[in-house]
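Here are some notes for a colleague who is opening this structure for the first time. They are arranged as numbered points, to be read with the model in view.

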Amino acid sequence: MTAEQPHTAQHHTVRVNGADRSLSGVEPATNALDWLRGQGLTGAKEGCAEGECGACAVLVARSDGATGTEWTALNACLVPAAALDGQEVVTAEGLGTPTRLHPVQHEMAVRGGSQCGYCTPGFVCSMAAEYYRDGRVAAARPAGPGAHALQACGPNGFDLEALSGNLCRCTGYRPIRDAAWALGEPRADDPLAVRRAGSPPEATATRLEGRSGTYARPADLAEALALLAEHPEAVLVAGSTDRGVEVNLRGARSPFVIGIDRLPELRGLTVTTDAVEIGAALTLTEVERALAGRVPLLDEVFPQFASRLIRNGATIGGNIGTGSPIGDLPPALLALEAVVVLVGAEGEREVAMADYFTGYRQSVRRADELVRAVRIPLPLAGTTAFHKIAKRRFDDISSVAVAFALDVVDGVVQRARIGLGGVAATPVRALATEAALEGRAWSADTVQTASEVMETEGTPLDDHRASAAYRRAVLGTALQRLHAETAADAVGATHE
Amino acid sequence: MSELSLRPADPVVGQAIPHESAGLHVTGVALYTDDLTVRTRGILHAHPVQAPHAHAKVTRLHTGPALGVPGVVRVLTAADVPGVNDGGVKGDEPLFPSEVMFFGQAVCWVLGETLEAARLGSLAVEVDYEPLPAIITVREAIERDSFQGGAPRLERGDVDHALAGAPHVFSGELDLAGQEHFYLETQCAVAHVDEAGQVFVQSSTQHPSETQEIVAHVLGLSSHAVTVQCLRMGGGFGGKEMQPHGYAAVAALGASLTGRPVRLRLTRSQDLTLTGKRHGFHAQWRAGFDADGRLLALDATLTSDGGWSLDLSEPVLARALCHVDNAYWIPDVRVNGRVALTHKTSQTAFRGFGGPQGMLVIEDVIGRCAPRLGIDPAVLRRRNFYASGQETPYGQPVRHAERAIACWEQVLSTGDVAQRSAQIAAYNASHPHTKRALAITPVKFGISFNFTAFNQAGALVHVYKDGSVLVNHGGTEMGQGLHTKMLQVAATSLGVPLESVRLAPTRTDKVPNTSATAASSGADLNGAAVKNACEQVVGRLRVVASARLGVPPDELHFSGGFVRGPGEDQSVAWADLVAEAYVQRVQLWAAGFYRTEGLHWDSAAMEGSPFKYFSYGAAATEVEVDGFTGAYRLLRVDIVHDVGDSLSPLIDIGQVEGGFVQGAGWLTLEDLRWDESGGPTRGRLATASASTYKLPSLSEMPDVFNVALLERAHEDGVVYGSKAVGEPPLMLAISVREALRQAASAFGPAGTVVDLASPATPEAVFWSVRQARGGEQPPHTVPVLEGVCVVPEQPGAGARPLQPRSEQVAQDERVGQVAQAAPSSGGRG
């Protein structure tokens, strides 16, 4: 790698490991992984083609939220190659060579972090992104003796969350953790560290014509709406973390794809006294950083939402736009009484989150509209919690998701809002349970009564993730768990 | 001490060095089979047409429309097969079937200029099916008497008599789940045919020689016309012992018919729906204990879920029967085994090869009976350990039984188990909503292929004129570090630095007739063969050095790149000696060979000494369970494991840790679900993707994970005193399941008995917690009965014993010859 100037956009090229490579003729359905491998860069691997295993992870230069650049790890299998037009990518091959290993590669190699080696380039890229994270070392604190693996930062500030989207079937992960926690600070002349000070590559408007279709990235919202009017059959793609799965696993193809992830009108975050408005095209990682703890309920959701690799790509608008019944954000947004701001040729309209979904992957959004923002009214409820019931703590899909937003004043529940995922064809509010709580004492008796109501919310199904009986049962225990946790907080008890 | 196990001074074996390819892995330059695709000009891509029925006759196959899809080059069907239309070694796996035997089975393969073209072509192929009734679960198979292969019985003493006199008799059942290998690299083969008709297949295979044999019999060729190479695998775990053969054969068939290279790589969903997995088992058992909890007798019937064809189901079953004792002395034993035929993928080898299933049965028995006997499970386990001089139920003396005790005692002390048990009790007393528990379980695992003939290996070692060394051997590298160990063995045997030795990819034209890299035996067998080859070269060099230095050959010492005599100035550099030997026309390469001595096994009687030795280990696992959801985490794991004198400690610790976590995955998260309904997708794998089949991620790693190798553990008669390591640690994870059971029971009053389904998903644990709190019997569990016992089904006297595979192989070859004489014959043999 050489220290680079900020990339001056040449059309239809991607700067990969410091050298420009042409994208001409790339199809809208071709993902970045297949494109890179076709270029002879076979370090990134396909392990699942749906963003679960991270073997395809690469580094992409993205905005750091201010003026600089951040090396962001993404699943190359999900991103359309065309979406990388004008961008900068670094793969495992670009970090180092067998005779000149990058510090991350060195630690992984000498500590036994690779066995079969197939997942390794992806781990190396995820690890490198965290290695270069601004402020990592400064924020370092020793992991306590009872530190939870989920939150554990190593003595060097390395957050293991960074590796939550990478699967290894050989090592059992211990040597990978040790490698991550052994990393020092990048050298001052490390070219990728130096690159962070420069501006990120601009997201320029582009249009790539392939044999089977077109990928277009409009310059602004007006152009996006015009394209949408012109191509009503077009598919809107932001982070492509859902669409990419459809393309790779279920053969979804579209002659016209509109990339809306970089539209400036969709990338703002504003806080007023009345509301927090979050631009639909901000990634979840960006939202988390920009909110900086302002919405505690969302801070509970983020670490449990898929993986860091997915959150680096997935947008808040996309999570609403796909309309999945088990997307983890909608239950939280329901509890927060959020409003979806839709924009179309005829202007904007606002729809309450509770009215947004109409059926399985169906919503009130018209084909000529897109989600511009999500607005969360202020002030927030005093007691919030997010319970995700899944098999695995990192990177799993919820069997049931429950979001609570309660106002308890003088021991009485003044207001209760509960959002549920995984118990119906759409995310739903637990209205009967809310009614059973409001106006009553926040007590074991009330919780017992309301829990029996909550067990009957929705119409859970039996599937491979969980039985209907289990889904009901954990709906029933969710309030008890919340009550136990708030009671524990009230007496100042700590979890060991 | 044997010559084979003796270590010289300053050995390269025993050094903790990274994997030989680590630098290539971390930089992304290590090549796997599919990475050859972009490097191969004009390559075609293969895509299957998968049947949408679990069981059906193919009544019409019309490939014409596919040929009209742009980019489609050819569709491969049964009519194209010049040899035998079969991808297995038992003659029951048609490569292009006329009868679909499981949901998603490939009925034909489309070749395209691009993968997209082949995929679109596969959608255009027209297939008509006549659906037939399908058997999906092992319980359905038992009800309908649907079995395949032999039904072995392992018996010692008089079980019925012993149970009649036992103070405590219990009976129960256990349904234990299978497991997907989920090697990160899916099955892949790249084939081409050269100008002389030589077929070259690069395959991600643990068993290149068998891949070669099957490619040859499908193509109607002799083995010498087919070469198979395996660069390395992105994980194998047993899933690439038998399963790669058919895909290699399809790629080779495509290459031979089109004259162009062909790539066949399964997507993850194809791999999940097409390839075999670990066998799920159903077990019925009765067990008798004396008043102190000593096991008196065990009567068990194990029914494995074989899937649609035999594959390795019989030897897997044999190993399950041979491990039902685990580390415990059971005076009177009767274990019956049988293989169910179900309309699912053909289940196959998976790390442990039936051992884990057999051992889980006895550990489940002990875990469930302990509270009923009023004895702490750890005490009950320890009380039943083998003592020196005792024999296994199949009659093999349990050598080094004291090592199981040594591992156990060391885990208790270094794991601080007594103190932590007290802390756990205090924690549980003050935490109504979360409970902790610690369980300790042992492992005793037999090393060698049960089938004696497979316990042989070859190597080819070249020393070039400049002193550099190139090693070929018959084993394959799947991440387990075999090549690293072989480099260390060669460097030690030749007395040269590690840097002087290189390893070449595994190829059937370098070392023929190899066994699978399986049964944990890779380093034992190939290491001894490499050492044998090196010693032949050293023996010749001794003569040259002896003349040059004036020292008797026996007094020369090869080490560190020098050959030295007893005197100060009696030394010659390795490279100089090699150069001199070349001039003297001394052969500088050698083929090495090894066969494991002292093994004997009667597979019909299930008697003998099939194992060279036993591997031992013990693990103590502490878990915490959340009573609201059944969610849990592993707080701490302490392991002591016996790998003999380790050849490569960094590699061996990696194997222990990785095996443990993989075993924990099998017993906890990993949950294969098949559609058991009567609907149109009956038999479909419902968990056919990475988003629905969950393996352990970093969040499942124990917070504290201490692994120690047993010290002073030299194993006589094995290469440099080492022991195998691949499979045994997987079964240390049974401690996780037992800890979860104990933690769930802690939600009830002292002495509470719970039943735990397998896998112990959070949901399963939740139902066990409910049971502990007075709820119902958890789903997928059967209560244990005391006194009034259920007698396990006894398969009829007419059941066929296991057939050694050698007989089957010989039979297949006859079939192959017939097929060659009459190329039109094919179909199911």
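This is a predicted model: local features need pLDDT of at least 70, side-chain atom pairs count only at pLDDT 80 or more; totals for chains, interfaces and linings use all residues.

1. Helix α6 of chain B runs over residues 208-219, and its 12 residues reach 16 Å from the first C-alpha to the last, which is close to the 16 Å expected at 1.5 Å a residue. Just after α6(B) comes B:Gly220, which takes a positive phi of about 70°.

2. Elsewhere in chain B, UniProt lists residues 27-133 in an unreviewed entry as "domain: Aldehyde oxidase/xanthine dehydrogenase a/b hammerhead". Over residues 27-133 of chain B, the model has 14% helix and 32% strand, with the end C-alpha atoms 51 Å apart.

3. For chain A, the domain assignment gives domain 1 (1-204), domain 2 (265-380) and domain 3 (383-490). The centres of domain 2 of chain A and domain 3 of chain A, taken over C-alpha atoms, are separated by 21 Å.

4. Where domain 2 of chain A meets domain 3 of chain A, 22 residues of domain 2 are in contact with 24 residues of domain 3. On the domain 2 side, α10 (296-301), α13 (329-335) and β14 (357-359) of chain A each supply at least two residues, and the largest share, five residues, comes from α13(A). The residues of this side of domain 2 of chain A divide into 15 nonpolar, four polar and three charged.

5. Between the chains, 68 residues of chain A are in contact with 61 residues of chain B. The elements of chain A that each supply at least two residues of the side touching chain B are α1 (32-38), α2 (92-95), α3 (103-110), α4 (120-131), α5 (174-181) and α17 (468-490). Of these, α17(A) gives the largest share of that side, with seven residues.

6. What is the make-up of the side of chain A that touches chain B, in nonpolar, polar and charged residues? The residues of that side divide into 33 nonpolar, 22 polar and 13 charged.

Technical notes: Residues are numbered from 1 along each chain as its sequence is written. Chains are lettered from A and ligands numbered from 1 in the order in which they are written. Domain bounds come from an automatic or database domain assignment. Two residues are in contact if their C-beta atoms, placed from the backbone, lie within 7 Å. Helices (H or I, at least four residues) and strands (E, at least two) are DSSP runs, numbered from the N terminus. Ala, Val, Leu, Ile, Met, Phe, Trp, Tyr, Cys and Pro count as nonpolar, Asp, Glu, Lys and Arg as charged, and the others, Gly among them, as polar. The expected span of a helix is 1.5 Å times one less than its number of residues. UniProt positions are given in the numbering used here, feature names are shortened, and annotations may be inferred rather than shown by experiment.
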